[in-house]
Amino acid sequence: MNLWQALEPAQLITLSICVPFVGALLVIATGKIPNLREAVTLITAAILFTIVLAITDYTFQGVPLRLDVVDIFPGLGINFVVEPLGVLFALVASFLWIITSIYAIGYMRGHNEDNQTRFFCCFALAISSVMGICFSGNLLTLFIFYEVLTLSTYPLVTHAGNDAAKQGGRVYLGILLSTSIAFLLFAVLGTYALTGTLDFRAGGIFDDSHNKVVLSVLLVLFCYGVGKAAIMPFHRWLPAAMVAPTPVSALLHAVAVVKAGVFSILKIVIYIFGIEGLKDLATTDLMLYIGAATILLSSCIAMTKDNLKARLAYSTVSQLSYIVVGALLASSIASAGAALHIATHAVGKITLFFCAGAIMVASHKKNISDMVGLGRKMPITFAAFAIGAISIIGLPPMAGTWSKWYLAIGALETDKLIIVAVLMISSLLNIAYLLPIPIRAFFSKPVEGAEPWSWSQTKEAPLPILIALTITSFGCLALFFYLQPLVELINLIPGVSTDMAVSTNMGEG
Amino acid sequence: MLEQHLTALPIILPLIAAPIALILGRSVLSWGFATLASGLAFLFSWQLLSAALSEGVISYAVGGWAPPWGIELRVDAANAFVLLAVTAISTLVLVYSKDSIEKEVKAANHSLFYTAHLLCLAGLSGILITGDAFNLFVFLEISSLATYTLVSLASDRRCLTAAFRYLVMGTIGATFILIGVGLLYMKTGTLNMMDLAVRIDAYDSSRTINTGLAFIMVGVSIKLALFPLHMWLPPAYTHAPSAVTAFLASTATKVAVYVMIRFIFTVFGIDHVFVDMGMGLILMALAVVAIFKCSYMATVQSNVKTVLAYSSVAQIGYMILGLSLVSVTGLMASMIHIFNHALMKGALFMAVGAVFYRVGSVDIKAFAGLGRKMPLTMAAFTIAGLSIIGVPLTAGFVSKWYLVTAALEQGNWTVAALVLIGSLFAIVYIGRILEAAYFQKLPESRSSENIKEISWLMLVPMWVLVIANIYFGVDTSLTTEAANSASEWLFQTNNILENNMVEGNSQEVSS
């Protein structure tokens with residue numbers, strides 16, 4: 001599917017970043033006419049998706065896409081190189097942007113939010129910077145767009161403008177900016193001082209001549225520097241960001257922002273350290289177990305949360321560490337699982353957030369304890385919630401199965417049985433904190449007298465919301481059966497393979 | 001004829017214009033005249049920089065008396081670069097000050113303000129391009145005396161104590177420099193800097209010269225507000241009229257940093273200062289303490305001008321840190337930061353001045369709700385603030401990049417880490433102000449007042465600086481090229497002069 005054949009292939013990268021940016025400007029220009037403004041958002045999102053599809057097409061054909069924009073420092077500047085992992089992330093983000101836009105229209109209107117123009121504008125800017133992160137050709141570019149993403153999502157997080165939003169925004173910006181400046185920038189500069197390059201290269205840019213102790217320190221700095229990956233103890237920004245309107249939580253804190261974090265870690269592991277190079281570092285295991293601890297601890301915290309969005313936030317923290325663990329297992333199949341998890345978790349978690357927002361719009365309920373019996377009035381929403389939950393848990397026939405499958409194989413292959421156990425326990429914990437919600441919504445009766453919502457007045461959420469959450473829940477299902485294109489894409493990543501035999505051979509070689 | 005005397009014009013022009021501005025008397029007239037003169041000085045310094053980049057050193061003998069007997073003006077990449085920044089900022093501040101001083105300076109003093117501003121500009125330009133140590137002291141005093149006047153012009157009477165404090169400290173600093181220069185003259189019998197350099201080099205170790213070095217370094221440190229000699233700066237910046245603060249914060253201390261660079265690299269030679277006298281470690285330690293202590297102080301102030309003043313002291317720490325690393329990259333980081341910091345602080349103080357113009361206070365509480373009322377001003381403040389923090393695509397990021405690179409180049413990971421951690425404070429002190437502007441409601445008592453966006457005459461210079469912040473954060477070819485040739489030039493002259501330079505050291509320095 002290539003609607004852009006007339007163009008020079010490398011120009012597609014420019015387009016993928018500029019289209020949402022121009023969209024943001026048009027949103028401001030059309031701010032006075034809401035219908036036109038929303039049309040602009042939807043059309044921009046659709047155009048962006050076709051561009052990303054065209055880029056995917058070229059990637060499969062093996063056409064290298066490269067674009068040098070400007071040299072900020074002599075010999076080092078903003079440049080973009082398309083590689084399969086970035087394409088995967090771009091596909092997920094651009095597709096879900098369309099769905100989220102549909103959803104956001106229903107939500108923002110249903111909820112009568114203020115400042116909708118600013119909202120849609122910042123949304124488009126955030127997507128623009130996500131595209132920059134996806135296709136970044138070196139660490140400097142990645143860092144720049146990483147920071148732009150942080151700043152452009154800040155107005156979204158603090159959208160409500162009240163004290164809670166200010167407090168949440170403070171934590172959000174405080175943690176993300178501090179970690180990125182103190183750790184990530186330090187690691188980037190350290191890498192540059194050691195190697196004289198920041199390019200992403202297959203197999204990594206470090207070699208045996210570099211001091212392993214320094215590299216071990218760099219790995220820790222990178223892992224914590226990418227604060228968006230929410231590895232404990234730098235995870236607090238994510239729950240804090242839940243003060244944002246739900247579409248923001250959905251796209252940014254299930255897809256764009258958090259995935260930008262784990263994507264960065266994965267990309268750094270694959271293209272800076274190299275999967276093989278990672279095996280020799282002393283801190284790989286340390287960070288691996290911190291990631292594993294994050295998985296379990298945040299699942300436990302999620303159980304204690306009665307606020308639905310807070311519970312989902314901690315679930316996200318836990319799921320992100322799956323990807324970190326997958327990257328740090330330093331095996332080609334685990335990396336494939338991690339990459340796949342970017343896509344499968346995105347679809348599952350966005351469904352859950354959509355449902356949380358739908359419940360919010362329809363019944364104004366935030367707390368899980370108030371949702372007892374609500375399923376009978378909002379069957380579509382809670383059915384979608386159940387599907388999303390099953391996908392997150394990783395049960396067939398939902399998409400989440402596959403990524404967990406590959407992660408578990410990767411852990412087995414590297415003889416890290418503890419990690420296998422962690423993955424299994426985590427799945428059980430997921431069941432414990434996610435499944436009771438739809439079950440009690442469908443099968444329990446609201447407690448007599450303490451009815452927090454009125455039976456007669458509650459009905460399903462507005463149509464755009466329902467459309468959006470239906471599409472993503474079907475997405476969970478579809479990705480279980482039609483995973484092949486994504487797997488093929490992942491297999492194109494150098495050193496990463498879903499094929500057991502290949503990975504064993506590589507280990508021997 | 002004009003080309004021949006191009007070197008002297010950036011000094012002569014404002015010097016002659018200053019009394020004329022006073023004679024013109026009417027506020028608007030002297031404003032227009034001063035702006036014109038400063039703008040011309042900017043054009044000349046632009047030409048000087050391009051000439052210096054292509055030709056190397058331009059020497060000009062004042063009055064036709066050949067150096068080293070007569071006074072020599074000496075332009076190279078290093079001072080032409082700083083001169084460009086100084087004249088540019090001066091012009092922008094003058095455009096801005098027409099409206100700004102209406103609220104902050106008594107009408108009778110307006111033409112005095114422009115006169116003092118021009119004198120200060122003449123002094124600063126003189127410091128930058130003179131090649132004579134005593135002449136440097138003279139220009140330093142011209143600019144300082146003009147500065148004391150400028151600070152004391154504010155209608156808020158607290159400016160008088162601030163100006164007095166500044167006067168006392170500034171005079172002590174100037175006296176120290178004078179004593180130092182006197183000692184050098186006593187020992188070497190010359191005042192020309194290049195000549196001094198050759199003769200100082202001839203002495204292996206002389207107590208007189210070392211004492212001179214100590215006096216000059218302390219004197220200059222007072223002038224550039226190096227921690228712990230910075231105590232005059234926060235009150236002076238806080239109580240001076242905003243236009244004055246914008247000008248001083250982005251030029252005066254930078255020029256003093258340049259003086260320090262000049263004395264260390266050209267006159268005394270890095271070998272003498274850093275190897276024999278071991279000043280690198282002292283400067284580095286003071287710079288790091290300045291970064292941490294003053295950044296912290298900036299986070300706890302309630303007056304926004306004081307916040308930015310402490311931030312300035314901390315930023316000076318970054319500049320001194322760069323030069324204390326004794327490498328081309330380190331010196332380059334200092335030079336770039338001199339330029340970039342002028343852009344950031346100029347924009348920030350102009351935005352604060354705009355707030356004072358409308359609200360009549362620069363307390364952090366006064367910023368409440370201004371995000372909606374003065375969107376352009378606060379947007380400018382936000383972008384310049386991000387530049388101070390060092391967010392990518394702003395000029396501040398470029399400075400920080402080079403500074404950390406310079407530290408890492410020498411394997412000094414501790415300093416690199418300290419620089420980055422120190423810059424986190426900026427998130428707090430800028431963040432506090434932005435939170436007030438965007439999240440707090442306009443107080444009830446103020447809602448009746450007519451708070452709206454300021455005039456374009458104030459907005460344009462502010463936004464020119466803001467756009468420069470972004471421009472020099474993306475396209476760094478001008479800053480890097482100028483700073484690089486400046487610092488390479490400084491090292492080169494040093495290498496030529498230092499015949500007895502230790503072999504290993506020179507390699508370490510040039511690598």
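Biologist: Are α2(B) and α3(B) roughly parallel or roughly antiparallel?

Modeller: In this predicted model, local features need pLDDT of at least 70 and side-chain atom pairs count only at pLDDT 80 or more, while totals for chains, interfaces and linings use all residues. Residues are numbered from 1 along each chain as its sequence is written, and chains are lettered from A and ligands numbered from 1 in the order in which they are written. Helix α2 (residues 27-55) and helix α3 (residues 77-104) of chain B have axes (lines fitted to C-alpha atoms, for helices over the stretch in contact, with angles from 0 to 180 degrees between N-to-C directions) that come within 8 Å and cross at roughly 160°. Since angles over 145 degrees count as roughly antiparallel, those under 35 as roughly parallel, 65 to 115 as roughly perpendicular and the rest as oblique, α2(B) and α3(B) are roughly antiparallel.

Biologist: How many nonpolar residues are there in the contact of α2(B) with α3(B)?

Modeller: Two residues are in contact if their C-beta atoms, placed from the backbone, lie within 7 Å. Ala, Val, Leu, Ile, Met, Phe, Trp, Tyr, Cys and Pro count as nonpolar, Asp, Glu, Lys and Arg as charged, and the others, Gly among them, as polar. Across the roughly 160° crossing of α2(B) and α3(B), the contact has seven polar residues and one charged residue, and its nonpolar residues number 17.

Biologist: How many charged residues does the contact of α8(B) with α10(B) have?

Modeller: The axes of α8 (residues 207-223) and α10 (residues 242-268) of chain B cross at roughly 160° and come within 8 Å, which means that α8(B) is roughly antiparallel to α10(B). From α8(B) come Leu213(B), Ile216(B), Val220(B) and Lys223(B), and from α10(B) come Ala256(B), Val259(B), Met260(B), Phe263(B) and Phe268(B). By class, eight residues of this contact are nonpolar and none is polar, while the number that are charged is one.

Biologist: How many helices and strands does chain A have?

Modeller: Helices (H or I, at least four residues) and strands (E, at least two) are DSSP runs, numbered from the N terminus. The C-alpha atoms of chain A fill a box of roughly 70 × 55 × 45 Å along the principal axes. Its contacts with a separation of 6 or more lie to 81% between residues 24 or more positions apart. The secondary structure of chain A comes to 20 helices and two strands.

Biologist: Which element gives the most to the side of chain A that touches chain B?

Modeller: The contact takes 23 residues from chain B and 21 residues from chain A. On the side of chain A, at least two residues each come from β1 (66-73), α5 (139-157) and α6 (163-195). With 12 residues, the element that gives the most is α6(A).

Biologist: How many residues of that side of chain A are nonpolar?

Modeller: The contact draws 21 residues from chain A. Of the side that touches chain B, four residues are polar and two are charged, and the nonpolar ones number 15.

Biologist: Is Ala327(A) buried or exposed?

Modeller: Ala327(A) is placed in helix α12 (residues 308-328) of chain A. Apart from neighbours within four places in sequence, its contacts are Ile265(A), Leu266(A), Val269(A), Ser335(A) and Ala338(A); the C-alpha atoms of Ala327(A) and Ile265(A), 62 residues apart along the chain, are separated by 7.5 Å. A residue is buried if 20 or more other C-beta atoms lie within 10 Å of its own, exposed if 12 or fewer, and partly exposed in between, with C-beta atoms placed from the backbone. Because it has 30 C-beta neighbours inside 10 Å, Ala327(A) counts as buried.

Biologist: Is His364(A), with its positive phi, buried or exposed?

Modeller: His364(A) is not a glycine, yet its phi is near 55°. This residue sits in the loop between α13 (332-363) and α14 of chain A. Because 12 other C-beta atoms lie within 10 Å, His364(A) is exposed.

Biologist: Is Ala230(A) buried or exposed?

Modeller: Ala230(A), also not a glycine, has a positive phi of about 55°. It belongs to the loop between α7 and α8 of chain A. Because it has 30 C-beta neighbours inside 10 Å, Ala230(A) counts as buried.

Biologist: Which residue does a cis peptide bond join to Pro396(A)?

Modeller: Most peptide bonds are trans. One cis bond runs from Met232(A) to Pro233(A), with omega near 5°, and Pro233(A) lies in the loop between α7 (212-225) and α8 (237-240) of chain A. In the loop between α14 (379-393) and α15 (400-413) of chain A is Pro397(A). With omega about 5°, the cis bond joins Pro396(A) to Pro397(A).
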